[in-house]
Amino acid sequence: MVEQPLQRNQPGMIDDAKINAPRRMSEPPFVRRLLIAVALGFIALFLVVPLVSVFAEALRQGLGFYFQTLRDPMTVSAIELTLIAAGISVPLNCLFGVAAAWTIAKFDFPGKNILLTLIDLPFSISPVISGMIYVLIFGAQGWFGPWLIEHNIRIIFAVPGIVLATMFVTFPFVARELIPLMQAQGRTEEEAARVLGANGWQTFWRVTLPNIKWGLLYGVILCNARAMGEFGAVSVVSGRIQGQTNTIPLHVQILYENNNIPGAFAVASLLTLLALVTLALKTWVEYNTTGLRGTAFTPLPLKKEPNRKLA
Amino acid sequence: MLRSQQRGVLPGFRLTLGYTLLYLSLIVIIPLAATFVKSSELSWAQFSQTVFSPPALAAYRLSFGASFLAAAVNAIFGFIVAWVLVRYDFFGKQFVDALVDLPFALPTAVAGITLATLYAPNGWLGGWLAPFGIKVSYTQLGIFIALTFIGLPFIVRTVQPVLADLDSELEEAAASLGANRWQAFWRVIFPMLSPALLTGFSLAFARALGEYGSVVFISSNIPMKTQIVPLLIMGELDGFHLARATALAVVMLVISFLLLLAINLLQWWSNRYNATNPA
Amino acid sequence: MSVEVKNVTKKFGNFTALDNVNLKVESGELVALLGPSGSGKTTLLRVVAGLEFPDAGNAQVLFYGEDVTTIPASQRKAGFAFQHYALFRHLNVFENIAFGLRVRPKLKRPGEEKIRARVGELLKLIQLEPLAKRFPSQLSGGQRQRVALARALAVEPKVLLLDEPFGALDAKVRRELRRWLRKLHDEIHITTLFVTHDQEEALEVADRVAILRDGRIEQIGTPEEIYDNPATPFVYDFLGNVNLFSGRVREGTVIIGETEFAVEETAGETDTDAVAFVRPHDIRITREANGQKTFPARILRCNAAGPLANLELERLDGGGNFAAQLSKEEFQQLQPKAGEQVFVELKNVKIFSDDFSI
């Protein structure tokens, strides 16, 4: 494959600063060194030390105990449930992200800015509330509670509730990556495909999708990290029934509260590895493209569109 | 006429808009609306009793205070980190840049147990502080530490791109007009970055207000002392006091919406500069 | 008649982009849509392509007599080259050109061999055979434009539509491509409509030029016709530099200040205010007065750099400033100096009565 120099030399990337270096204008060396020391000290204290300590605590009782904890049936079932929750919510949010980005980036319609704000909404809501809203609807005292009990359907304190809560907290991730990307790419390539005789699906599969694949991948990586790691929202709807409604983060909590600290950290180390893999993949995607910079991780409001006027 | 209803040449408008609205309604809007409907079932007396109870008032104070302090500390150090990452070269810069997002990527439960263990009196860091009589875990200080951890990336990630895009000609112009380095920073660079800094601060603050996972382990969850609002709501839910939890949630939601509005306005304000300076 | 547009109106909100436009293009003709930005020329082209749909009404778009008004772009068989090319950035030159063939329904899709042959042919036509494997980002602007053209031609369109084909290129490449396009058109004779805001480009390349203003066609004709006989002051002004002299018309004569001369076209007009339009190169400068036909003026500035000499003059009767253009020879013969007083004669004067706006 030919390496596409896709937007690599566009302005606005952090790399530019490096290319310009050495800057003609800079601070005196001791100021520079001081600032670097302060920054690194802060990062070390708040990020590196906790990161290292996860693995140190996890291995405190030795490798045997570590793997024994991971092989424990309760751990295995927690891993399975986490995979199920992520396996359902990530594809659904992916589909939503593509649909929302298509409709917002390729068409003009009134109320678009409100839609953009609503898509962002789950980010600004406390995880506890994100879980609670489903209790209000599906819980025993909720809207559909009596009906669900009558028909013997469990949503809250059961797997469907966990999936719903996960879907809510990861709702915006893919959409947020794709909307700005597709807005920036505009409509002309799709129009060109149409004029050349392509039908709707052909236009999407052959023109749109190849153009957004990196953004899509990026959104999926971030979405998945949050889906597998969500704690607060899932904690509300789970009921924490061991072996049944326990996800990995909830299992960490149970082990920790049962004073099995090394066990809790052993399981936590799995999630930490997931976080490190996520960061590595994220950096790799950023290296391959430009313009993608964790807009889902840093939930700046999506850029609102002024009313489009055609000249 | 059929023709006038066509929206240009690209297909799928109705399908994608319909699906978007349906999914958005089912997952987000209807459940959120349920909260408000549910809370309207409460009488004003019941509502105010919950919302203005002493533990609730103490929880608001602690939530706001700790979140504000954490965001402020992040504003200072996050700014320095962003500056160093954009302006200077040093060994391991790429690694540090990638690591900044750790608090986003690391599940909050992991952050919670890690910080609680680290800052416990017998922990790596708590052990250093204990001889001075400083307790972190299970105190308000611990909550502040946890909120600082989860808010760390916001300032860095909002300031960093703006700083990187800043035209070096601006500083050169300031220098040519006789400004020294400090003046150039304070009068030219800082004002250009301040909208981004404020946006990052608001984001960190908003996130800290709602935070649960990383705090629940490091806080002793004692009402009036170390209970932030999400912990209070969780407590009500665990006790099956759904109505009281809903009332508190409504207060939180309103605050979140106001913050979201403020952040949107800030965003609009910071884009104002860019309008005259197209990339 | 290969393309016919009837009664097309298109509004975007309050903005009327096209206001009841009618246009006929003959088979094999190369027609330019010329106008300032916002005149509706691109919208008209997009309506023909099926990328925009005219507002409800009795609007019609016909290709070779067949009504295609409601046929979507993908089935209209119009080749469209976009202003910024809209090349598929993830496909190489070859695949970009082949796209239209590959997306055909199974039954009509040519085999791989045929696709290769067709694309090869087109690559030869645009003289980019060695670059077939390149990606759009690795091409120059002019090369991209040629690929965009080849891609549009690959589907054997009934008409070719070009939106500002040379708009994003620098002046030199622009001129080369302009000639290349004319040559190409002479070879393949496909009915072509192209949009431009550059009057020089339109006059040089097109068989006929349609001038648009505020969503209406102001005038349509061969380049000579519209240049020599502009129908409206707007057209006159749009096609080149112009001097305006306000005065009066009375039974075949124009009175500007103290000058009076006969003009054929105004024979009908009786005693009204009018404005005389004169191109700078139709102004003759002499040292001697020539009766009623000339009026005195003072030279303010001379600039003889370039193939033509540009003069700025001031009327001595207080009628304002105007510009004149002399050939190098005229300039050397006359050797005018700034500050000098001369006499001015107007040729090819075009009169428009006073109720107009440019």
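The following exercises, each with a worked solution, concern a predicted model.

Residues are numbered from 1 along each chain as its sequence is written, and chains are lettered from A and ligands numbered from 1 in the order in which they are written. Local features need pLDDT of at least 70, side-chain atom pairs count only at pLDDT 80 or more, and totals for chains, interfaces and linings use all residues, while side-chain values use heavy atoms, with hydrogens and water left out.

**Exercise 1. Describe the interface of chain A and chain B.**

Step 1. Chain A contributes 100 residues to the contact and chain B 102 residues, where contact means heavy atoms within 4.5 Å.

Step 2. The two chains bury about 9,300 Å² between them, 77% of it on carbon and sulfur atoms. Buried area is the accessible area (1.4 Å probe) that two parts lose on being put together, summed over both.

Step 3. The rule finds 2 salt bridges across this interface, a salt bridge being a side-chain nitrogen of Lys or Arg within 4 Å of a carboxyl oxygen of Asp or Glu. B:Asp101 pairs with A:Lys282 in a salt bridge whose closest N and O atoms are 2.4 Å apart.

Step 4. Helix 2 (residues 29-58) of chain A supplies 20 residues, the largest share of the side of chain A that touches chain B. Helices (H or I, at least four residues) and strands (E, at least two) are DSSP runs, numbered from the N terminus.

**Exercise 2. Identify the residues of the nonpolar patch on the surface and locate A:Trp147.**

Step 1. The patch consists of A:Trp143, A:Phe144, A:Trp147, A:Ile153, B:Leu22, B:Leu26, B:Ile30 and B:Val37, with about 760 Å² of accessible area together. Its residues have over 30% relative accessible area and no salt bridge, and nonpolar side chains (Val, Leu, Ile, Met, Phe, Trp, Tyr) are joined within 5 Å. Accessible areas come from the Shrake-Rupley method with a 1.4 Å probe; for residues, only the protein chains shown count as cover.

Step 2. Helix 2 (residues 13-40) of chain B gives the most to the patch, with 4 residues.

Step 3. A:Trp147 belongs to helix 7 (residues 145-150) of chain A. A:Trp147 counts as partly exposed because its relative accessibility is 46%; buried means under 20% relative accessible area, exposed over 50%, and partly exposed in between (1.4 Å probe, protein chains only).

Conventions. Patch = residues over 30% accessible without salt bridge, like charges linked within 9 Å, V, L, I, M, F, W, Y side chains within 5 Å.
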